[in-house]
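Hi,

Here is the model I promised to pass on to you. Have a look at it first, and then read my notes below.

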Amino acid sequence: MTPRTATLIGLTAILMWSLLSVMTVATGTIPAFQLAAMTFAIGGLVGLLTWIGRGEAAKSLRQPLVVWAVGVGGLFGYHALYFLALRFAPPAEAGLLNYLWPLLIVLFSSFLPGERLALHHIVGAMLGLVGTVLLFAGNTSGFVAGQVPGLAAAFIAAFVWAAYSVLSRRLKAVPTDAVAGFCLATAVLAALMHGLLETTVWPETTLQWLSVIALGIGPVGAAFYAWDIGMKRGDIRVLGAASYATPLLSTGFLIAAGFAKASANIAIAAILIAGGGLIAAKDMVLRKR
């Protein structure tokens, strides 16, 4: 697999994650950790189904403890922190802090062997950050002291996801099949958190059940396998900068579904984020075939 192909596969994860908000809304009022347990269980099963006919795939679960710590710590740690942030801090502010992770991925990539961080990578990531700030502008309401823990959780979550993504590159020898195990372990931990903190609420309609299944197959399933391939074999700097398209595309899907309204801020943010992504991907876009 060429780096270009791996990067394109990684970009599909960004597209799938952009559907996360609208699909989550469609699931109804299922508590956060319960929804995580259900969808990560489905996501893990999606990975297991790809093992059919590949008996050697099960060997991918035989990994050192540090690999499991990175995999499960990244998937469960990030989502647990983000859920905590949404519980104690305003969603707009929490989301804005959380979306520092694309910039952090670009910056952290400079510490990887053989990677070179060029000016256009930094410029592209910064334009994406500015576009994301503009996307959230007008939706912030300030914060009070009691919201500081939630804001801190969102900030730490950004570092956790960036670290997980970049460390995946250092663990390049670990097959993507192992992500199925990480998803199932995350489902178990989320179920334990649900039992401790939440009251079970099952989907009430066929649409809600289908939305849960779709979440598990796509944004909380295939997306993590695609991201793993992109991080391990693609251009990590391009993927980091392009990740700023996630909140923009997510807002677009919410508008299309009638859950949000279009605005000038969104249009300008689209130009900044798209422009930043193209600048960061200059080498890949202009590379001679």
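The chain holds 14 helices and zero strands, where helices (H or I, at least four residues) and strands (E, at least two) are DSSP runs numbered from the N terminus.

Before the details, a note on how to read the numbers. This is a predicted model, in which local features need pLDDT of at least 70 and side-chain atom pairs count only at pLDDT 80 or more, while totals for chains, interfaces and linings use all residues. Residues are numbered from 1 along each chain as its sequence is written, and side-chain values use heavy atoms, with hydrogens and water left out.

**Confidence**

The average pLDDT (the predictor's confidence in each residue, from 0 to 100) is 84 for the chain, and 89% of the residues score at least 70. Helix H9 (residues 178-197) has the highest confidence, at 95, whereas helix H14 (residues 282-286) has the lowest, with a mean of 58. Where pLDDT is low, the predicted coordinates should not be read in detail.

**Packing**

Of the 289 residues, 48% count as buried; buried means under 20% relative accessible area, exposed over 50%, and partly exposed in between (1.4 Å probe, protein chains only). The chain exposes about 13,400 Å², and carbon and sulfur atoms supply 73% of that area. The areas come from the Shrake-Rupley method with a 1.4 Å probe, and for residues only the protein chains shown count as cover. Among contacts (heavy atoms within 4.5 Å) with a separation of 6 or more, 89% join residues 24 or more positions apart.

Helix H6 (residues 101-108) is largely enclosed by the rest of the structure, because six of its eight residues are buried: Trp101, Pro102, Leu103, Leu104, Ile105 and Val106. Helix H12 (residues 245-256) has twelve residues and reaches 16 Å from its first C-alpha to its last, close to the 16 Å expected at 1.5 Å a residue; the expected span is 1.5 Å times one less than the number of residues. Its buried residues include Thr246, Pro247 and Leu248. Just after H12, Gly258 takes a positive phi of about 85°.

**Salt bridges**

How many salt bridges are there? The count comes to three, taking a salt bridge as a side-chain nitrogen of Lys or Arg within 4 Å of a carboxyl oxygen of Asp or Glu.

- Asp177 pairs with Arg54, the closest N and O atoms being 3.0 Å apart. Asp177 lies in the loop between helix H8 (148-170) and H9, and Arg54 in the loop between helix H3 (32-49) and helix H4 (65-88), so the pair ties together parts that are 123 residues apart in sequence. Asp177 is buried at 17% relative accessibility, while Arg54 is partly exposed at 27%.
- Lys232 meets Asp228 at 3.1 Å, N to O. Being four residues apart in helix H10, Lys232 and Asp228 are separated by about one helical turn. Lys232 is buried at 5%, and Asp228 is buried at 3%. Leaving aside residues up to four places away in sequence, Asp228 touches Ser168, Thr176 and Val179.
- Asp235 and Arg237 also meet at 3.1 Å, N to O. Asp235 is buried at 11% relative accessibility, and Arg237 is buried at 12%.
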